[in-house]
Amino acid sequence: MPQVATPEEATSTHTAKRSAALASVLGAFGITLLKLLTGILTGSLGMLSEAAHSGIDLIAAAITLFSVEVSDRPADDEHNYGHGKIESLSAFVETVLMLASSVWIIYEALHRIVARSHLVLEMSPWPFVVLLLSIAVDFTRSRNLHKVAAEHNSEALEADAVHFGTDIWSSFAVLLGLAATYCGERFHIMGLELADPIAALVVSLIILKVCYSLARRTIDNLLDATPPETRAQVRRQLIRDLLAIDGVVSVNRLRTRRSGPTYFADLTLGIPRNVTFQRSEQITMAATQAVQDIYSGADVVVHSVPTASIAESLHDRIRAVAARANLSIHDVAVQQFEGKLHVEQHLEVDETLPLRKAHDLVTRLEADIRREVPAISTILTHIESEPATIERPSSLEHDRQLELRLRSAARAYPEILDIHEVLVTHINDRIQVNCHCTLPDALPMSDVHAIITALEGTFKLENPEVSRLLIHPEPATDNRR
């Protein structure tokens, strides 16, 4: 079953994510304000482009904070898979804003380069101070966001961490552009005077690169593409783990998707068609655990498909055909004559079913069996009504005479401490005797089997009217008398 977080764990996770997102908003607001004022006072397009970039960061951080607040809400009737997709939507909005800002910066930079209409920059140490402060803040919040995102598997926080990590390089590019521009104006080097708009172009290219990566990841998440971390080697390892489970014949389908911090896995497994329902549930639980070992807390849905396995016997294949038609057969016997297979079986049907319908049912079953096992030449089906298979004990449940004979036969074996719970049943013309037999605790099972077999043989030899004797052995310390 999926590992559901406790309320305390969910609250702790939400608090950590919210704190990281809020700190990012406050940092982005302070840096944006400083860059904008510095750009206006110095006339640097590079600084103004950085201010625009930081403004986008501020909006993106605010959107991330909003998405973190919403995405951690539990699933409800209208959102059965939770609210994790809000993180992808916030990333999409962030991508659009980044694209718009980069287009504006490219236009202004090219215009100044072509028209040579660059502004004369005021010499001031403040742009350098602001940019160095911006680099320090971006490094700190990027590292903090990445740590919290990794701990709590948050897509929105991870996107912000990558985004602010690239801001360090864009700030560094503007820093170099400003230094080169100041040198160009001071020493009258025309080429260096264009360094500021060129630095703005570099910033815009960095924004476009981040925008492309973010857009690609966002579109994949919105379209439920397989997450990159579930592809290739990890996917192959998961398939190997599933096939290693006893009872899994094949992995027919493996689909994974991610919504916010939660993974969803959809598996279709081939399992032997002759396994019990209880064993099928055990296989399903093992497959669920195998997925959750790789993706902690994943919501896993397993669909099992009955499959013919290599180890399946001929009797299993025949019973599987009957089970597929929701029919109950027993006492299946297969004989081989002259290289051909002949099958005898008993089929239970409703006692109120007319003979014609019962015969048609048998005809269809036999045809299905021949298609499943072409080597079968003939099939003889004994039709029985269901009440005939229900064993009803007669009024002589405790046949005193047979019980005394059984106890007498048991005295010949000193290892037998007692015989108890003797039950004699009469089913049609057959007599069956059931009993419990107490033996020493330390007696080896080989001796237990030999003694019980010998007692059965002796008793049935002396009482040929008994068709079956069933003995349940019990240790002396667990005698249920």
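Which side chain meets that of R317 in a salt bridge? Select R317 and E372: their side chains form one, at 3.9 Å from N to O. (A salt bridge here is a side-chain nitrogen of Lys or Arg within 4 Å of a carboxyl oxygen of Asp or Glu.) R317 sits in helix α10 and E372 in helix α11, so to speak two distant parts of the chain, 55 residues apart.

Before moving on, a word on what you are looking at. This is a predicted model, where local features need pLDDT of at least 70 and side-chain atom pairs count only at pLDDT 80 or more, while totals for chains, interfaces and linings use all residues. Residues are numbered from 1 along each chain as its sequence is written, and side-chain values use heavy atoms, with hydrogens and water left out.

**Stop 1: around E372**

R273 lies in the loop between β2 (262-272) and α9 (277-294), 99 residues away from E372. Are R273 and E372 buried or exposed? Both are buried, meaning under 20% relative accessible area; exposed means over 50%, and partly exposed is in between (1.4 Å probe, protein chains only). R317 is partly exposed, with 27% relative accessible area.

**Stop 2**

Next, switch to cartoon view and find the open sheet of three strands, in the order β4-β5-β6 with mixed pairing. Its edge strands are β4 (328-337) and β6 (376-385), each pairing on one side only. From one strand to the next, the twist averages 15°. (Helices, H or I with at least four residues, and strands, E with at least two, are DSSP runs numbered from the N terminus; two strands pair if DSSP finds at least two bridges between them.)

Zoom in on β4 and β5 (residues 340-349): they run antiparallel and are joined by eight bridges.

(Touching means heavy atoms within 4.5 Å; axes are lines fitted to C-alpha atoms, for helices over the stretch in contact, and angles run from 0 to 180 degrees between N-to-C directions.)

**Stop 3: another salt bridge**

Select R405 and E465, whose side chains meet at 3.4 Å from N to O. R405 is in helix α12 (residues 400-410), and E465 is in the loop between α13 (445-462) and β9 (466-475), 60 residues apart. R405 is partly exposed at 32% relative accessible area, and E465 is partly exposed at 38%.

**Last stop: zoom out**

Show everything again. The protein has 13 helices and nine strands, and the salt bridges come to eleven. How many of the 481 residues count as buried, as a percentage? It's 42%.
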